[in-house]
Amino acid sequence: MPRENNRSPAADTIAEAVPKISAVATAPPAGSSGARKKVSEKNLAPSASGSAKSPSPASEPGKLSAKELKEKKKREKAERRQQAKSDTPATPQRPQKLQPPKKEAQGKGKKGVQSTAVHDSGIVKTIYSQQPSKAPAGGREQEAIIGTRDKDLPSLMKELEIEQHEKKKKPVFGINNAHPDVHPAILTLGVQMNQFLVVGSSARCLGFMLAMKRLINDYECPAGATISRHLPGHYFSRQIDYLISARPMSTALGNSIRWLKTEIAAISPELSEEAAKKLLCEKIDVFIRERLTAATEVIVNTTAGRYINNGDTILIYSKSSVIERSLLEAHTRGKRFKVIVADSSHLFEGKNSLATLVAAGIEVQYMKMVLVEQNMASVTRVLLGAHSLQANGSLYSRAGCSMIARSASKNGIPVIVCCESIKFSEKFTSGGIIGNEFGDTDVIAPDNNCNDGGVFEGWRNQPTTSLSSFMFDTTPAKYIKAVISEHGTLGPTNCPNVLRANSSSAPLR
């Protein structure tokens with residue numbers, strides 16, 4: 001009995017030191033004695049034999065079998081893990097964000113508290129924080145991404161800022177800055193456009209076509225190249241870049257350029273250089289005659305015959321060549337009417353129309369745009385020109401047209417737009433800001449007003465203050481009664497139908 005009492009503690013010590021009983025013998029821990037090594041080898045021998053029927057030491061009183069040792073080890077391991085978990089301090093949880101009151105959340109839908117942030121560009125954006133939606137995933141909570149949404153006006157101003165920044169990268173307008181390949185006729189047209197000697201959209205389109213005729217006549221195709229490949233490439237692009245640096249491209253000019261590129265690309269390579277140049281010049285003449293001259297004559301006859309009657313008081317704004325010719329044609333036909341010319345402060349183009357109509361013997365009244373509202377009661381019809389008629393039916397024209405059309409519509413006065421189809425656009429702008437053209441800021445804040453205690457006194461000394469004078473604005477289609485084009489009298493929203501008809505028709509020959 002004393003012998004068994006001496007061996008039992010050694011067996012228990014070996015059971016704790018061996019993590020798992022297997023056929024492979026493991027090295028004893030450091031510091032173990034030789035007697036403890038003998039006992040370990042003796043206890044492992046029966047387990048390694050597997051099916052041996054010899055009596056094992058585990059069957060003796062005070063000893064455990066291999067299965068019982070394994071279960072005991074599992075229990076001890078689970079106890080140690082539970083003890084370690086109870087001794088370790090709890091992991092601090094991430095502080096939860098404060099949620100707005102439920103009443104406010106219900107009143108605002110999915111939006112939460114509004115907060116503002118000032119960006120480097122100086123534009124203040126309003127950030128709408130959504131309620132964090134939490135969904136269990138692996139025992140953890142995931143927060144929803146906070147959504148942001150910009151206000152409409154700051155977003156448009158940001159786009160305008162980017163657009164103007166891109167324009168600054170382009171070369172500054174000037175004859176000295178022009179590429180050597182720019183033709184003298186294009187140089188002259190660019191100077192006239194930049195100095196506002198050629199102002200109207202139709203006039204700029206006509207000047208471009210005539211300048212391109214001179215360019216094509218003077219053009220010499222390099223050896224081994226064809227006109228259809230070389231002319232629309234870099235050589236043609238040099239001319240366009242120079243004109244864009246003079247003034248932003250109008251819709252009519254852009255449509256003319258696309259048409260001309262299509263006609264140049266359609267030239268057969270089998271034609272000689274002289275025959276190809278002659279064919280292009282003939283196509284340009286047909287384009288001018290059909291899309292500009294004949295279109296204007298159709299609009300003039302329609303307007304003078306149907307929409308100008310005896311006793312009418314017609315309000316026009318600034319200067320439009322097609323409306324001016326319509327009034328002169330109606331007066332020539334013997335109709336007696338009165339014209340009110342409302343003028344803009346940008347270029348005072350209305351003075352030119354005033355002089356022309358007075359010289360023809362028409363009764364004319366001249367006023368500034370700010371006085372239109374007071375004199376609208378005596379007006380029977382409003383005639384407006386167009387810089388572009390957009391795809392959604394809105395009118396893009398000189399700044400001030402929108403206010404006049406809105407005032408006329410409020411008083412029940414029909415607003416009629418005279419516009420050639422070459423000015424129809426496949427695009428549209430929501431607010432008339434993007435793609436606009438800046439005018440002279442002295443129109444808004446002249447020096448004599450800013451320096452003598454006017455409304456804008458001292459604005460030039462404020463580093464964070466700037467003024468923008470837009471030359472064009474957008475008139476919604478709901479204020480326009482009809483659009484007169486060479487295709488007849490249309491509704492403002494029928495612009496896409498005319499564009500599809502023009503694109504599907506055969507090229508001009």
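Where is the place of F348? I found F348 in the loop between β6 (338-343) and α12 (350-359). A reminder to myself before going on: this is a predicted model.

**Entry 1**

I looked up the backbone of F348 and noted a positive phi of about 50°, although F348 is not a glycine. I then checked its cover: F348 counts as partly exposed, at 32% relative accessibility.

**Entry 2: S318**

I turned to S318, in the loop between β5 (313-317) and α11 (321-332). Its phi is near 55°, again a positive value in a residue other than glycine. Is S318 buried or exposed? S318 counts as buried, at 2% relative accessibility.

**Entry 3: the chain as a whole**

I stepped back for an overview. I counted 16 helices and 14 strands in the chain. Of its 509 residues, 35% are buried. The chain exposes about 30,100 Å², and carbon and sulfur atoms supply 53% of that area. I also looked at contacts between residues at least 6 apart in sequence: 74% of them join residues at least 24 apart.

**Entry 4: rings**

How many aromatic pairs does the structure hold? I found 3. I picked out Y396 and F472, whose ring centres are 5.4 Å apart with planes at 20°, so I wrote this pair down as stacked. The pair links distant parts of the chain, with Y396 in strand β10 (residues 395-398) and F472 in strand β12 (residues 472-475), 76 residues apart.

**Entry 5: helix α7**

I tested the length of helix α7 (residues 201-218). At 1.5 Å a residue, its 18 residues should span 26 Å, and the end C-alpha atoms are 26 Å apart, so the two agree. Next I asked which residues of α7 are buried. My list reads S201, S202, R204, C205, F208, M209, A211, M212, L215 and I216. What do these buried residues pack against? I noted α6 (184-194), α8 (227-246), α9 (251-265) and α10 (273-306).

**Entry 6: cysteines**

A disulfide is a covalent bond between the sulfur atoms of two cysteines. How many disulfides does a search of the whole structure find? It finds 0. I wanted to see how this looks at one cysteine, and took C495. The closest cysteine sulfur to that of C495 is in C419, 7.9 Å away, which is too far for a bond. C495 is buried, with a relative accessible area of 1%. I looked up C401 as well, and C401 is buried, with a relative accessible area of 2%.

**Entry 7: S421**

My last stop was S421, in the loop between β11 (415-418) and α15 (447-450). S421 is buried, with a relative accessible area of 2%. How far apart are S421 and V498 in sequence and in space? I noted 77 residues in sequence and 7.4 Å in space, C-alpha to C-alpha.

Note on methods. Residues numbered from 1 in each chain as written. Predicted model: local features only at pLDDT ≥ 70, side-chain atom pairs only at ≥ 80, totals over all residues. Heavy atoms only, no water. Phe/Tyr/Trp six-rings, centres within 6.5 Å; stacked < 30°, edge-to-face > 60°. Helix = DSSP H or I, 4+ residues; strand = E, 2+ residues; numbered from the N terminus. Expected span 1.5 Å × (residues − 1). Buried < 20%, exposed > 50% of the residue type's maximum accessible area, 1.4 Å probe, protein only. Contact = heavy atoms within 4.5 Å. Disulfide = S-S within 2.5 Å. Areas by Shrake-Rupley, 256 points an atom, 1.4 Å probe, with all protein chains shown as cover.
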